[in-house]
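Please have the sequence and the coordinates open as you read.

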Amino acid sequence: MALAAQSIMTESEEKKPVASRRKGRKQAFECLYGLIFESAADARSLRRLFSRCPHDVSEGDDDAGGEFAWEIVSGVWDNQREIDALIVRFSKNWKLSRIAKVELTILRLAVFEILYRPDIPLRVTLNEAIELAKRYGDENSRNFINGILDAIAKAVDNGEFEIHKDL
């Protein structure tokens with residue numbers, strides 16, 4: 001009996017980080033999208049802009065989701081030049097200005113996770129990016145995002161980067 005209760009608790013605990021991260025990605029997406037229109041001059045103004053970003057209280061008030069969102073937002077902001085260069089390279093030389101803002105934001109978020117979050121498997125990043133595209137993009141968003149991220153994931157899997165993640 002004690003073993004069954006323990007496994008139920010473990011399942012519940014395992015689901016909470018997934019839900020927190022999904023909520024955090026959504027919040028990070030919304031904040032990063034807003035940064036396209038109102039940029040941050042420095043880390044302090046980035047924090048201020050982040051604190052004003054909306055978060056969905058109907059999904060619960062979870063500090064872990066907010067912390068994860070902040071890690072993504074600040075990470076993308078700190079590494080945007082490298083992230084954007086990778087997006088251009090793997091999008092078959094599309095200029096950033098030609099990529100729709102929703103898709104660009106999702107790509108930046110996902111590429112950050114691929115490059116800088118060794119704790120997040122490639123498949124999870126790809127699946128979560130597709131979920132964001134379904135929610136915020138149009139009918140073409142999923143295929144566009146999937147194509148670019150799949151190419152980056154294959155390059156990671158082939159050892160092109162100094163990142164060790166399974167595809």
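## A buried serine

Ser 141 has a relative accessibility of 0%, so it counts as buried. Please keep in mind that this is a predicted model. In the chain, Ser 141 belongs to helix α6, which covers residues 141–157. Leaving aside residues up to four places away in sequence, Ser 141 touches Glu 103 and Ala 133. Ala 133 is itself one of the buried residues of α5.

## How α5 and α6 pack

That contact leads us to a helix pair. The axes of α5 and α6 are 9 Å apart, and the packing angle is about 165°. The two helices are therefore roughly antiparallel to each other, since angles over 145 degrees count as such. Their crossing is right-handed. On the α5 side, the contact is made by Leu 122, Leu 126, Ala 129, Ile 130, Ala 133 and Lys 134. Helix α6 contributes Ser 141, Arg 142, Ile 145, Asn 146, Leu 149, Asp 150, Ala 153 and Val 156.

Helix α5 has 15 residues, and its span of 21 Å from the first C-alpha to the last is close to the 21 Å expected at 1.5 Å a residue. Which residues of α5 are buried? They are Leu 122, Thr 125, Leu 126, Glu 128, Ala 129, Ile 130, Leu 132 and Ala 133.

## Salt bridges across the fold

Now for the charged side chains. How many salt bridges does the structure hold? There are 12. One of them joins Arg 21 and Asp 119, at 2.7 Å from N to O. Arg 21 sits in helix α1 (residues 2–37) and Asp 119 in the loop between α4 (101–116) and α5 (122–136), so this pair ties together parts that are 98 residues apart in sequence. Both partners are partly exposed: Arg 21 has a relative accessible area of 26%, and Asp 119 has a relative accessibility of 41%. The pair also belongs to a network of salt bridges that links Arg 21, Glu 71, Arg 117 and Asp 119.

Arg 52 and Glu 38 form a salt bridge whose closest N and O atoms are 3.0 Å apart. Arg 52 is in helix α2 (residues 43–52) and Glu 38 in the loop between α1 and α2, 14 residues apart. Here Arg 52 is exposed, with a relative accessible area of 53%, while Glu 38 is partly exposed at 44% relative accessibility. The side chains of Arg 108 and Asp 84 also meet in a salt bridge, at 2.7 Å from N to O. Arg 108 lies in helix α4 and Asp 84 in helix α3 (residues 63–90), 24 residues apart. Are these two residues buried or exposed? Both Arg 108 and Asp 84 are buried.

## The whole chain

Stepping back, the protein chain has 6 helices and 0 strands, and along the sequence they follow the pattern α-α-α-α-α-α. Of its 167 residues, 41% are buried. Looking at contacts between residues at least 6 apart in sequence, 71% join residues at least 24 apart.

Definitions and conventions. Residues are numbered from 1 along each chain as its sequence is written. This is a predicted model: local features need pLDDT of at least 70, side-chain atom pairs count only at pLDDT 80 or more; totals for chains, interfaces and linings use all residues. Side-chain values use heavy atoms; hydrogens and water are left out. A salt bridge is a side-chain nitrogen of Lys or Arg within 4 Å of a carboxyl oxygen of Asp or Glu. Helices (H or I, at least four residues) and strands (E, at least two) are DSSP runs, numbered from the N terminus. Buried means under 20% relative accessible area, exposed over 50%, partly exposed in between (1.4 Å probe, protein chains only). Contact means heavy atoms within 4.5 Å. The expected span of a helix is 1.5 Å times one less than its number of residues. Axes are lines fitted to C-alpha atoms, for helices over the stretch in contact, and angles run from 0 to 180 degrees between N-to-C directions. Angles under 35 degrees count as roughly parallel, over 145 as roughly antiparallel, 65 to 115 as roughly perpendicular and the rest as oblique. A crossing is left-handed if the near helix is turned anticlockwise from the far one by less than a right angle, and right-handed if clockwise.
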